[in-house]
Amino acid sequence: QVQLVESGGGLVQAGGSLRLSCAASGRPFSNLAMGWFRQAPGKEREFVAAIIWSGGIRRYADSVKGRFTISRDNAKSTVYLQMDSLKPEDTAVYYCAADPSRLGVAKTIEYEYDYWGQGTQVTVSS
């Protein structure tokens, strides 16, 4: 089992920045690929960013490319999502997810992740 706890959400004005953190426990963190997803009110959960166990491969949704950066610190068992130039349409609950398969693939599909955090709310005001 893997436990994931997100933090860092909040209210920010458009153009501002936030950094989300997701702390993992229960398995060696370096064995886990990690992803961030988000769900806006009335919409389905969507992929945001992913990073493989080594950090060597990262993928982003087109909607956040150039504005968001995913990173990880294996010594701290934590994955981060730095969000810059935030827009009102980035408002959502953000979830981190863990994939223990260690295939070296940064996955973008929700069902390919086995473990999920409880989510953290990000609200961007215009």
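Predicted model: local features only at pLDDT ≥ 70, side-chain atom pairs only at ≥ 80, totals over all residues.
**Glu-6**

Glu-6 sits in strand E1, residues 3–7. Glu-6 is buried but has no salt bridge. The nearest side chain of opposite charge belongs to Arg-45, 7.4 Å away. A salt bridge needs a nitrogen and an oxygen within 4 Å. What does the side chain of Glu-6 reach at 2.9 Å? It is the backbone nitrogen of Cys-96. The backbone nitrogen of Gln-118 also lies 3.0 Å from a polar atom of the Glu-6 side chain. Beyond its sequence neighbours within four places, Glu-6 contacts residues including Cys-22, Trp-36, Tyr-94 and Gly-119.

**The network**

The structure has six salt bridges. Three of them are listed here.

| Salt bridge | N to O distance |
|---|---|
| Arg-38 and Glu-46 | 2.6 Å |
| Arg-38 and Asp-90 | 2.9 Å |
| Arg-67 and Asp-90 | 2.8 Å |

Arg-38 lies in strand E4 (residues 33–39), while Asp-90 lies in the loop between strands E8 and E9, so this pair ties together parts 52 residues apart in sequence. Arg-67 lies in the loop between strands E6 and E7, so its pairing with Asp-90 links parts 23 residues apart in sequence. Through shared partners, salt bridges join Arg-38, Glu-46, Arg-67 and Asp-90 into one network.

Which members are buried, and which is partly exposed? Asp-90 is buried, at 0% relative accessible area. Arg-38 counts as buried at 6%, and Arg-67 counts as buried at 11%. Glu-46 is partly exposed, at 36%.

Note on methods:
Residues numbered from 1 in each chain as written. Heavy atoms only, no water. Helix = DSSP H or I, 4+ residues; strand = E, 2+ residues; numbered from the N terminus. Buried < 20%, exposed > 50% of the residue type's maximum accessible area, 1.4 Å probe, protein only. Lys, Arg positive; Asp, Glu negative; His and termini not counted. Polar contact = N/O pair within 3.5 Å; in protein donor to acceptor, adjacent residues only side chain to side chain. Contact = heavy atoms within 4.5 Å.
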